[in-house]
Amino acid sequence: MQHETVIVLDFGGQYNQLIARRVRENNVYCEIYSYKTDLSVIKAKNPKGIIFTGGPNSVYLEDSPTIDPEIFNWGIPVLGICYGSQLMMHLLGGHVCRAPEREYGKTEVFVDNSSKMFEDVQPSTICWMSHNDYIEQAAPGFKITAHTVNCPVAAAENAEKGLYAVQFHPEVLHTAEGKKMLRNFVYNVCGCSGDWKMDSFVENNVKALRERIGDGKVLCALSGGVDSSVLAAMLAKAIGKQLTCVFVDHGLLRKNEKEEVCSVFGPGNANGFDINFICVDARDRYFSKLAGVTEPERKRKIIGEEFIRVFEEQAKLIGKVDFLAQGTIYPDVVESGLGGESTVIKSHHNVGGLPDTVDFKELVEPLRNLFKDEVRQVGRELGLPEYLVSRQPFPGPGLGIRIIGEVTPEKVAIVQDADAIWREEIAKAGLDKEINQYYAALTNMRSVGVMGDERTYDYAVALRAVTTTDFMTAESYNVPWDVLGTVTSRIVNEVKHVNRVFYDCTGKPPATIELE
Ligand code: GLN
């Protein structure tokens, strides 16, 4: 089905995905393309509107990203954000130069409410600024619709031509009324009706999957994470027994994770999923491969490769399948350099990393266009339990990279138990919705302690909890001291071989969210 589409043209801004997410939160489908994309491709998408992102360059310098100004004559509304706004002005005859006063952070902006962009917005509203250059003079035919103390043109528009420019970032949550402004753009200016909804997504895609797969067989690697669980549930609904899910217990799962996955997808599950479900116990294989290995990248590699081996063996037992299902989601696609302007940040295991020796005809990736929040919403529509749907990210190599140094079954058991206590107490304190990722890890450090008048020489557990919007940067969460106290005493009392608990106060950067 063809949805109304808004296109984000990426000029290298750090918030490109955020813009698309905000548009979609307003029930309008949105895709990201690089500014270098051939304009005929963009035009062929028949977009209702186009949004130019911010970017690190200066429009007046040679070699800065630019675009064929013909785009402004298409009769399709364009919204330029920050670099995008400067570019629009620059190309249409305005003047952009180094600002005498750079603006960074929350800034008071005075807006003209007669603009369609600012309908129902407070006349003085807080917006997020991040710029060194500014629009000194708007292009001819443009009306200035907002300013700040330091910035004469914080917004401008040529309403007749549907061209809008904002110096601030409406997509960032620090812009108090940003969501409303983007809503105004897609509804008031672009005339969208809001046809992007998750219940119809499920319905349409289940139908489309049935048509595409016919009576073919589909193989799916289930990790228990949100994406693969939602993928499996969607396929289960579409094709039932034609689906085989393989779940590999590599021994590096969180406590009770295997049981939870089996109870949702395994035989006799309460969700009515009637599929072939295979749970492989590969714990011993993994532990023997990992014995004596301490180097983080090496550990990751072994865990990844072994997964492929196990999966291939299972695939062989099943014989020829027609489709391989993967839980690729939109950020994976964008970050792999396939959409937008961002260079390859990491190659995703989901994008082109699976076994090429598995014998299948085609890939099915029904979640490929969805953001994480949308995947979770689809999971809810499909009736998956909330604990699965709202599960925090868990790395592919599992607890293997939350144990510094050699991985052994004993160390895994320590991490599992400590982590379960940490998660339980965070939920009890009502912090689980506020913290984006939290886990316990095992430092490879042992130290002296005293317990029951006896000397101990045991491990130190590290607790981590971070908030983040995009997992690219993160801050350590300020966990109340009494919660940390409770968790610490529970861990040293309930988990054998732990006599010390540390809290990781480091943000990202300089640290990463995971330890290895
Ligand atoms: N580089 C431009 C400036 O400094 C645009 C910045 C941006 O898009 N955030 O003004």
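What covers the buried residues of α7?

Modeller: The model is predicted, so some limits apply: local features need pLDDT of at least 70, side-chain atom pairs count only at pLDDT 80 or more, and totals for chains, interfaces and linings use all residues. Residues are numbered from 1 along each chain as its sequence is written.

The cover of the buried residues of α7 includes β10 (218-222), α6 (226-239), β11 (243-249), β12 (276-281) and α12 (386-389). Names of this kind refer to DSSP runs, numbered from the N terminus: helices are H or I with at least four residues, strands are E with at least two. Helix α7 spans residues 257-265, and its buried residues are Glu257, Val261, Val264 and Phe265. A residue is buried if 20 or more other C-beta atoms lie within 10 Å of its own, exposed if 12 or fewer, and partly exposed in between, with C-beta atoms placed from the backbone. Down the axis of α7, the buried residues fall within an arc of 80 degrees, so they line one face of the helix. The arc is that of the directions from the helix axis to the C-beta atoms. An α-helix has 3.6 residues a turn, so residues three or four places apart point the same way.

UniProt, in an unreviewed entry, lists Ser223, Gly224, Gly225, Val226, Asp227, Ser228 and Ser229 under "binding site". UniProt positions are given in the numbering used here, feature names are shortened, and annotations may be inferred rather than shown by experiment. Gly225 sits in the loop between β10 and α6. Gly225 is partly exposed, because 19 other C-beta atoms lie within 10 Å. Leaving out residues up to four places away in sequence, Gly225 touches Arg391 and Phe394; contact here requires that the C-beta atoms of two residues, placed from the backbone, lie within 7 Å. Asp227 belongs to helix α6. With 21 other C-beta atoms within 10 Å, Asp227 is buried. Apart from neighbours within four places in sequence, Asp227 is in contact with Gly327, Ile329, Leu367 and Val375.

Another set of residues also comes from the record. The UniProt annotation "active site", from an unreviewed entry, covers Cys82, His169 and Glu171. These are spread over 90 residues of sequence but cluster in space, with a largest C-alpha distance of 11.1 Å. Cys82 is placed in the loop between β4 (78-81) and α3 (83-91). Cys82 is buried, with 26 other C-beta atoms within 10 Å. Beyond its neighbours within four places in sequence, Cys82 is in contact with Gly54, Ser130, His131, Gln167 and His169. Glu171 is placed in the loop between β9 (163-166) and α4 (178-189). Glu171 is also buried, with 27 other C-beta atoms within 10 Å. With neighbours within four places left aside, the contacts of Glu171 are Tyr15, Leu18, Ile19, Arg22, Gly178 and Leu182.

For comparison, here is another helix with buried residues. Helix α13 (residues 409-428) has 20 residues and reaches 28 Å from its first C-alpha to its last, close to the 28 Å expected at 1.5 Å a residue. The expected span is 1.5 Å times one less than the number of residues. Among the buried residues of α13 are Val412, Ile414, Trp422 and Glu425. The buried residues of α13 pack against β15 (437-451), β16 (454-467), α14 (481-494) and β18 (498-503). Just after α13, Gly430 takes a positive phi of about 75 degrees.

Finally, an exposed position. Ser40 is found in helix α2 (residues 39-44). Ser40 counts as exposed, because it has 7 C-beta neighbours inside 10 Å.
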